[in-house]
Each structure stands twice: as structure tokens, then as C-alpha cells.
Amino acid sequence: MQGFGYSRAVRAQLGTGLVVLSLIFGSTAGGGRAAQAQDGGVLRGPHPFLKPNALALTGGYATATGGTMGGLLLKGAYEYELLGSFWLNLQMAFVDGSDEPADTRRCTSCGRAASSMAGLTYRLRMDVPVVLSGTLAGGFVFVFPDSAPSAMGLAVRPSVAARYFVYDWLGFGVELGSTLGFASHDADAGLSRGLGTLEALMGAEVQFDTP
């Protein structure tokens with residue numbers, strides 16, 4: 001009987017010890033993850049996607065065909081994590097290609113353009129701190145040629161990007177895209193109503209929590 005009681009007491013102590021060790025290990029692991037998420041350490045592996053908001057600012061150059069304006073391009077985009085790898089994408093872009101030559105009729109792509117679009121982004125996490133993404137957005141385009149009256153149109157912009165994240169909240173990368181659509185140019189403007197650009201950009205992305 002005493003042996004049985006002693007054995008039961010030992011088992012109870014062992015069980016208590018295992019519970020305590022489990023709690024300690026769990027709190028340590030959780031603390032480690034929290035520290036990794038909060039201490040701003042340099043990423044060594046896959047991006048953790050801890051923050052649901054992203055703000056990207058990119059700049060580059062857009063080549064133009066048709067009634068599109070080409071030149072220096074500046075684009076800003078806000079993204080919000082909707083479900084898993086799918087993010088809402090809201091973006092605005094501005095193109096400055098106004099050379100104002102002596103005879104503006106010789107430059108059909110000289111002028112300025114702006115766009116406001118919305119769409120979806122799919123983000124693919126890699127084993128390294130690089131995030132690949134593809135975006136399809138659509139919306140309004142506003143064209144301001146040097147040689148013709150302003151016009152408005154509709155367009156879509158497919159794009160792909162690759163960004164290397166130094167921290168879980170800061171990444172740098174490149175983006176390739178294209179804008180395809182049409183604009184309501186006047187018939188006597190001498191400009192094609194079709195819109196088409198090829199765009200090469202580079203810039204940075206900042207991710208943050210919802211306030």
C-alpha cells in the first residue's frame with residue numbers, strides 16, 4: 001500500500017512537472033515569435049506576413065503607344081490583406097512626358113497622364129525574404145496631351161513585382177507593368193483612342209498594422 005501511494009505521488013509530481021515545462025516552453029516560444037515580430041530584426045527566412053496593410057511608392061519610366069502619354073512615371077499603391085494571399089489593391093499613377101517642343105504636333109505622346117485604379121494582388125511567399133506578386137487593376141485614366149484637348153478613358157493595368165524584405169515591414173524591389181485601354185480623344189486631335197504603355201519601376205514598400 002505504501003509503495004502504491006508512493007508511486008501515485010511520483011506520477012503526480014511528474015505530471016505537474018511536465019505541465020510546468022510545457023507552459024514554460026510555450027511561453028518562451030510565443031515570446032520568441034513576438035520578439036521576432038516586434039524587435040525589427042533583419043529577416044533571414046520567409047516573410048511572416050504579420051501586418052495586413054502595405055503602402056508602396058515606385059518610380060520609373062513608361063513608354064507609350066497610341067494616344068497615351070509616355071515619360072517619367074510615379075505610382076503609389078495601398079494594399080489590404082483580404083484573405084490569405086489575396087490583397088485589395090488601390091493605386092494612383094502620374095506620368096510626366098511634357099517636352100513642349102517647338103511644334104507639338106510632331107510629338108503625339110508628349111503630355112501628362114494620371115490614373116486611379118482598384119484591383120486584386122496575389123502575393124507568393126518564398127523560402128527566402130522575397131515576395132513575388134501579381135496585380136490586375138482597372139479604372140480611370142486622364143490624359144493631358146500637349147498637342148490636343150484633354151481626354152478621359154478606361155484602362156486595365158496588369159503588373160508583376162518582386163520585393164526583397166530587409167525587415168518584416170520594409171522591402172525594396174522592381175515592378176513591370178502595362179496599361180491597356182482607350183481614351184475619348186477628339187476625332188480631329190490626330191491621336192489614337194487606344195492606350196498602351198510598357199512600364200518599368202523600382203521602389204519601396206512599407207507594411208504596418210491597422211491603428
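Lys75, Glu79, Arg123, Arg163, Glu175 and Glu205 are linked in a network of salt bridges (a salt bridge being a side-chain nitrogen of Lys or Arg within 4 Å of a carboxyl oxygen of Asp or Glu). The model is a predicted one, where local features need pLDDT of at least 70 and side-chain atom pairs count only at pLDDT 80 or more, while totals for chains, interfaces and linings use all residues. Residues are numbered from 1 along each chain as its sequence is written, and side-chain values use heavy atoms, with hydrogens and water left out.

Glutamate 205 sits in strand E8 (residues 194-208) and arginine 123 in strand E4, so the bridge ties together parts that are 82 residues apart in sequence. Strands (E, at least two residues) and helices (H or I, at least four) are DSSP runs, numbered from the N terminus. Glutamate 205 and arginine 123 are both buried, a label for under 20% relative accessible area; exposed means over 50%, and partly exposed covers what falls in between (1.4 Å probe, protein chains only).

The structure holds eight salt bridges. One of them is between lysine 51 and aspartate 168, at 2.6 Å from N to O. Lysine 51 is in the loop between H1 and E1 and aspartate 168 in the loop between strand E6 (151-167) and strand E7 (170-183), so this bridge connects parts that are 117 residues apart in sequence. Both lysine 51 and aspartate 168 are buried.

Now for the rings. Arginine 123 also lies over the face of tryptophan 87, at 4.4 Å from the ring centre; for a charge to sit over a ring, NZ of Lys or CZ of Arg has to be within 6 Å of the ring centre and within 35 degrees of the ring normal. There are three aromatic pairs in the structure, that is, rings of Phe, Tyr and Trp (its six-membered ring) with centres within 6.5 Å, called stacked if the planes are under 30 degrees apart, edge-to-face if over 60 and tilted for the rest. Phenylalanine 86 and tyrosine 122 have ring centres 5.2 Å apart and planes at 65°, so they are edge-to-face. Phenylalanine 86 lies in strand E3 (residues 86-97) and tyrosine 122 in strand E4 (residues 111-125), so the pair bridges 36 residues of sequence. Phenylalanine 86 is partly exposed at 42%, and so is tyrosine 122 at 38%. Tyrosine 167 and tryptophan 169 are stacked instead, with 5.7 Å between centres and 10° between planes.

Phe86 and Tyr122 turn up again among the members of a nonpolar surface patch, which has about 900 Å² of accessible area together. Patches are made of residues with over 30% relative accessible area and no salt bridge, with like charges joined within 9 Å and nonpolar side chains (Val, Leu, Ile, Met, Phe, Trp, Tyr) within 5 Å. The areas come from the Shrake-Rupley method with a 1.4 Å probe, and for residues only the protein chains shown count as cover.
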